[in-house]
Amino acid sequence: MSTTGEYDCVVIGAGVQGSFAAYQLAKSNQRTILLEQFVLPHTRGSSHGQTRIIRKAYEQDFYAHMMEECYELWAQLEREAGVKLYRQTGLLVMGPENSQKYQQFKSTLQRNKVPMVTLTRDNFSQHIPHVNLAEGDGAVVDITAGILYADRALKTVQGQFQKLGGIIRDKEKVTDIEPGPVVTVSTTAGVYRAKSVVITAGPWANRLLAHTGLQLPLEVVRINVCYWKEKVPGSYDVKQRFPSFILTEGEESKDDIYGLPSNEYPGLMKICHHMGSETDPDQRDKQTDRSDIDILQRYVARCFPGLLPEPAVVESCMYTLTPDRHFVLDCHPTYGNIVIGAGFSGHGFKFGPIVGKILCELSLGEVPSYDLSPFRIRRFQAKTKSAL
Ligand SMILES: Cc1cc2nc3c(=O)[nH]c(=O)nc-3n(C[C@H](O)[C@H](O)[C@H](O)COP(=O)(O)OP(=O)(O)OC[C@H]3O[C@@H](n4cnc5c(N)ncnc54)[C@H](O)[C@@H]3O)c2cc1C
Ligand SMILES: O=C(O)[C@@H]1CCCCN1
């Protein structure tokens, strides 16, 4: 059966960003439809899984600043829906004391007056048992950081969107976008017309943008999401107040290694490498490279003596990376009523509520609440191929 409809806005892609954009649009009284290619909930994109880190500890002030309001928006959603989405764990940031990256994390926390604790080599093991701090590494804790219950968050925001009258159509893949003052969106089941379209297609962003003559410099990588078994159950448990952590650089890798306390699978701690191997999003499981797991095994053996240095569970997820690892939040350069949220580069979940708000503002032609210069498409210059 074919469906057609007229809307104020069509949002393409029901991951965390599209779901929050749709919710914000519905809150602004926009007749909104959210289209998703797979049956919801699914594990084929970037927003699935039980947990994500939320933090203000960043190298850049603009992220720490956006997170101020974002924490409030998460709390607002929790109150509105009567669910718990956030749990404070603190975030331990470790890295070579003299490296620029580690120092930037530390100074951003200080400048933005984020409650924090600096650990010395002497008191480190008293506060963080069962972890070896590498020689020359410093350690600070962002006290306000924690974990978000990701799957639950997605379900909640989609539910709130529907309560506001929003429509979700899953198992409905967008196959064409025809730009114009009224945009026509064709799917495997129908045709929709809307004053504006928001594209939040995660790893598939360039597939959709191809219909609009735009390609962004995005690289899709597969991440092996590894869980490691505690030798003594409970050693790294969220209930024992073990924190989440980020290692900014280590002996094993120049890229971050990060972890979350045991929570979703009792007795298993999640530790991953913040980089993976390139993949086609439709062929994710054909990418079988395990070099990230090798790096992690060496790291766990060196620094987490209470874990077995072999992953007990490996799941998959994808990052959509921009060259500078900053997001794309912008209007299409040729068609102002096509709004793009893409390239969340493996750190976008925590920003969902604020990304949704910004994409809604762009879609309504309002002045965005934040300076979007780090997120504009024009920063890519020569790398952005416009086929028009
Ligand atoms: C292993 C891992 C760990 C992470 N850790 C953190 C963390 O600790 N903290 C944090 O803040 N962030 C983290 N992130 C990043 C965060 O999860 C992502 O930035 C975020 O989920 C991206 O959401 P998205 O909505 O852009 O993409 P997606 O979730 O991929 O959503 C895009 C959706 O669009 C749909 N779609 C695509 N094409 C079409 C089409 N043609 N028609 C209809 N629908 C379509 C897809 O099916 C998909 O559902 C992590 C990511 C991974 C993979
Ligand atoms: O966004 C985050 O907070 C984490 C940090 C480490 C890499 C993966 N994403």
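Colleague: Ser-345, buried or exposed?

Modeller: This is a predicted model. In it, Ser-345 is buried, because 20 other C-beta atoms lie within 10 Å.

Colleague: Which loop is Ser-345 in?

Modeller: Ser-345 sits in the loop between strand E21 (338–342) and H8.

Colleague: What about the phi of Ser-345?

Modeller: Positive, about 50°, although Ser-345 is not a glycine. Most residues other than glycine have a negative phi.

Colleague: And Arg-325, what is its phi near?

Modeller: Arg-325 has a phi near 70°, again a positive value in a residue other than glycine. Arg-325 is in the loop between E19 and strand E20 (328–331).

Colleague: How many other C-beta atoms lie within 10 Å of Arg-325?

Modeller: 14, so Arg-325 is partly exposed.

Colleague: Which peptide bond is cis?

Modeller: The one from Leu-40 to Pro-41, with omega near -10°. Most peptide bonds are trans.

Colleague: Where does Pro-41 lie?

Modeller: In the loop between strand E2 (32–35) and E3. Leu-40 is placed in the loop between E2 and E3 too.

Colleague: What does Leu-40 contact, leaving aside neighbours within four places in sequence?

Modeller: Ala-14 and Asp-170. Leu-40 counts as partly exposed because it has 15 C-beta neighbours inside 10 Å.

Colleague: Switching to domains. How is the chain divided?

Modeller: Into domain 1 (3–47 + 151–214 + 323–386) and domain 2 (91–143 + 219–320). Their centres, taken over C-alpha atoms, are 31 Å apart.

Colleague: How many residues does each domain give to the contact?

Modeller: Domain 1 gives eleven residues and domain 2 gives seven. On the side of domain 1 that touches domain 2, five residues are nonpolar, six are polar and none is charged.

Colleague: Where does ligand 1 lie relative to the domains?

Modeller: Between them, because domain 1 and domain 2 both give residues to the shell around ligand 1.

Colleague: Which residues come nearest to ligand 1?

Modeller: Gly-13, Gly-15, Gly-45, Gly-202 and Gly-348, out of 37 residues around ligand 1.

Colleague: And which elements supply at least two residues each of that shell around ligand 1?

Modeller: Helix H1 (16–27), strand E3 (51–54), strand E14 (219–230) and strand E19 (307–321). By class, the shell around ligand 1 has 19 nonpolar, 13 polar and five charged residues.

Colleague: OK, ligand 2. Which residues are around it?

Modeller: Around ligand 2 are Ile-53, Arg-55, Ile-246, Asp-256, Tyr-258, His-274, Gly-346 and His-347. Three of the residues in the shell around ligand 2 are nonpolar, three are polar and two are charged.

Colleague: New topic, helix H2. How many residues does it have?

Modeller: 21, covering residues 61–81. From first C-alpha to last, H2 reaches 31 Å, close to the 30 Å expected at 1.5 Å a residue.

Colleague: Where does H2 bend?

Modeller: At Glu-68, by about 30°.

Colleague: Which residues of H2 are buried?

Modeller: Tyr-63, Ala-64, Met-66, Met-67, Cys-70, Trp-74 and Leu-77.

Colleague: Why would residues three or four places apart in a helix point the same way?

Modeller: Because an α-helix has 3.6 residues a turn.

Colleague: What covers the buried residues of H2?

Modeller: The cover includes strand E4 (86–88), helix H3 (100–111), helix H5 (150–163) and helix H8 (352–363).

Colleague: And what follows H2?

Modeller: Gly-82, with a positive phi near 65°.

Colleague: Two more residues. Val-339, buried or exposed?

Modeller: Val-339 counts as buried, because it has 26 C-beta neighbours inside 10 Å. Its place is in strand E21.

Colleague: What does Val-339 touch, not counting residues up to four places away in sequence?

Modeller: Ser-196, Val-198, Cys-331, Leu-359, Leu-362 and Ser-363. The C-alpha atoms of Val-339 and Cys-9 are separated by 10 Å, and the two residues are 330 residues apart along the chain.

Colleague: Last one, Asp-282. Where does it lie?

Modeller: In the loop between strand E18 (277–278) and helix H7 (291–303). Asp-282 counts as exposed, because it has 11 C-beta neighbours inside 10 Å.

Colleague: What separates the C-alpha atoms of Asp-282 and Cys-9?

Modeller: 27 Å, with the two residues 273 residues apart along the chain.

Terms used
Residues numbered from 1 in each chain as written. Chains lettered and ligands numbered in written order. Predicted model: local features only at pLDDT ≥ 70, side-chain atom pairs only at ≥ 80, totals over all residues. Near = placed C-beta within 6 Å. Nonpolar A, V, L, I, M, F, W, Y, C, P; charged D, E, K, R; others polar. Domains from an automatic or database assignment. Contact = placed C-beta atoms within 7 Å. Helix = DSSP H or I, 4+ residues; strand = E, 2+ residues; numbered from the N terminus. Expected span 1.5 Å × (residues − 1). Bend = angle between axes of the 7 residues up to and from the residue. Buried ≥ 20, exposed ≤ 12 C-beta atoms within 10 Å, placed from the backbone.
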